[in-house]
Amino acid sequence: MPQTVIQVDAFTSQPFAGNPAAVCILVKPRDEEWMRRVAREMNLSETAFVVRHGDEWLLRWFTPMVEVDLCGHATLATAHVLFEDGHATRDEAVHFQTRSGRLTARSTGGWIEMDFPSAPPRPMSAPAGLLEAIGVTDGDAAFVGTNDSDWLIAIQGADRLRALAPDMNRLAGVEARGVIVTAPSDDEKWDFVSRFFAPAVGVPEDPVTGSAHCCLAPYWAERLDRNELVGWQASARGGEVRVRQEGARVMLTGQAVTVMRGALLG
């Protein structure tokens, strides 16, 4: 029986912007090797596989290379499809069981709010080669730290951030899922800007990374002394992520749009 696959652009209200994710709503669980092969076939930063389990949904995410512990944009895309296709009503919360615990998504006024774990960075010296691979110097970096999943590098100047051209081969050797680079925004619409690089897991630059904002939200909330902030991920596609820091959790809010529907025949 063909498996429906839906492609959604997440963290945007416009087609062909934001971060694309493929979503497979499964009738029953599928084996891991099949999901890996589908993710390679889709060749997007993440493909989400979700199956109903009682009152909740079991959710997994795969890059073209590996399964990941947490993915914001593919969770947003999955929730969008569940609401759009009538698997869940917009007046109810959708609960996902994942490798990062229980995540919740709610539809609110044309946006979707997701309840994710906060992952604040702690200061730490950059490992050898990291700053050089990104293309910044010690003098450029206002902060370097890690939350054990990703490295966070804060620099001065949104223009400087947009101009970065990392050495992906060198960056792939850094022991981390990825590297977040961030700077204060130079546009009053946003409080901060960022980019995210993860060549080690098959994603050279991710267009808009929800999970990175689990680190960015507490970092900027502390420095700007506000819990509600708006970030812009300054990739070529670009996307807006609204964040609200609530203790050990971060509320990530974004929009999404369906751009393609198809069927997997294999």
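Mentor: Please keep in mind throughout that this is a predicted model. We can start with Gln233, whose relative accessible area is 1%, and because buried means under 20% relative accessible area, Gln233 counts as buried.

Trainee: In which strand is the place of Gln233?

Mentor: Gln233 touches a number of residues beyond four places away in sequence, including Phe196, Asp206, Thr209 and His213. As for its own element, the place of Gln233 is in residues 228-233, which form strand β15.

Trainee: Is Ala77 buried or exposed?

Mentor: Ala77 lies in helix α2, and, leaving out residues up to four places away in sequence, it touches Val8, Ala21 and Val23. Its relative accessibility is 0%, and since the cut-off for buried is under 20%, Ala77 counts as buried.

Trainee: What distance separates the C-alpha atoms of Ala77 and Ala176?

Mentor: Along the chain, Ala77 and Ala176 are 99 residues apart.

Trainee: Within what arc do the buried residues of α1 fall, seen down its axis?

Mentor: Helix α1 covers residues 32-42, and its buried residues are Trp34, Met35, Val38 and Ala39. Viewed down the axis of α1, these buried residues line one face of the helix, because they fall within an arc of 135°.

Trainee: Which exposed residues does the face of α1 turned away from its buried side carry?

Mentor: The buried residues of α1 pack against the strands β1, β2, β3, β4 and β18. On the face turned away from that buried side, the exposed residues are Arg37 and Glu41.

Trainee: What volume does the largest cavity have?

Mentor: The count comes to two cavities of 30 Å³ or more. The largest cavity is lined by 14 residues, and those nearest its centre are Glu46, Arg177, Phe196, Asp206 and Thr209. Its lining divides into seven nonpolar, four polar and three charged residues, and the volume of this largest cavity is about 100 Å³.

Trainee: How much space lies in the second largest cavity?

Mentor: Among the residues that line the second largest cavity are Leu171, Arg177, Phe197 and Pro199. The lining of this cavity divides into eight nonpolar residues, one polar and one charged. The space in the second largest cavity is about 40 Å³.

Trainee: How much space lies in the largest pocket?

Mentor: The largest pocket is lined by 17 residues, and Asp69, Leu70, Ser100, Ser149 and Arg177 lie nearest its centre. Seven of the lining residues are nonpolar, five are polar and five are charged. The space in this largest pocket is about 250 Å³.

Trainee: Which strands each supply at least two residues of the lining of the second largest pocket?

Mentor: The second largest pocket has a volume of about 200 Å³, and its lining includes Met1, Pro2, Ile25 and Lys28. The strands that each supply at least two residues of this lining are β1 and β2.

Conventions:
Residues numbered from 1 in each chain as written. Predicted model: local features only at pLDDT ≥ 70, side-chain atom pairs only at ≥ 80, totals over all residues. Heavy atoms only, no water. 1 Å grid on protein atoms, 1.4 Å probe; cavity = no way out; pocket = protein on both sides within 12 Å on 5 of 7 lines; lining within 4 Å. Points joined across faces, edges and corners; volume = space filled by probe spheres on them. Nonpolar A, V, L, I, M, F, W, Y, C, P; charged D, E, K, R; others polar. Helix = DSSP H or I, 4+ residues; strand = E, 2+ residues; numbered from the N terminus. Buried < 20%, exposed > 50% of the residue type's maximum accessible area, 1.4 Å probe, protein only. Contact = heavy atoms within 4.5 Å. Arc of directions from axis to C-beta.
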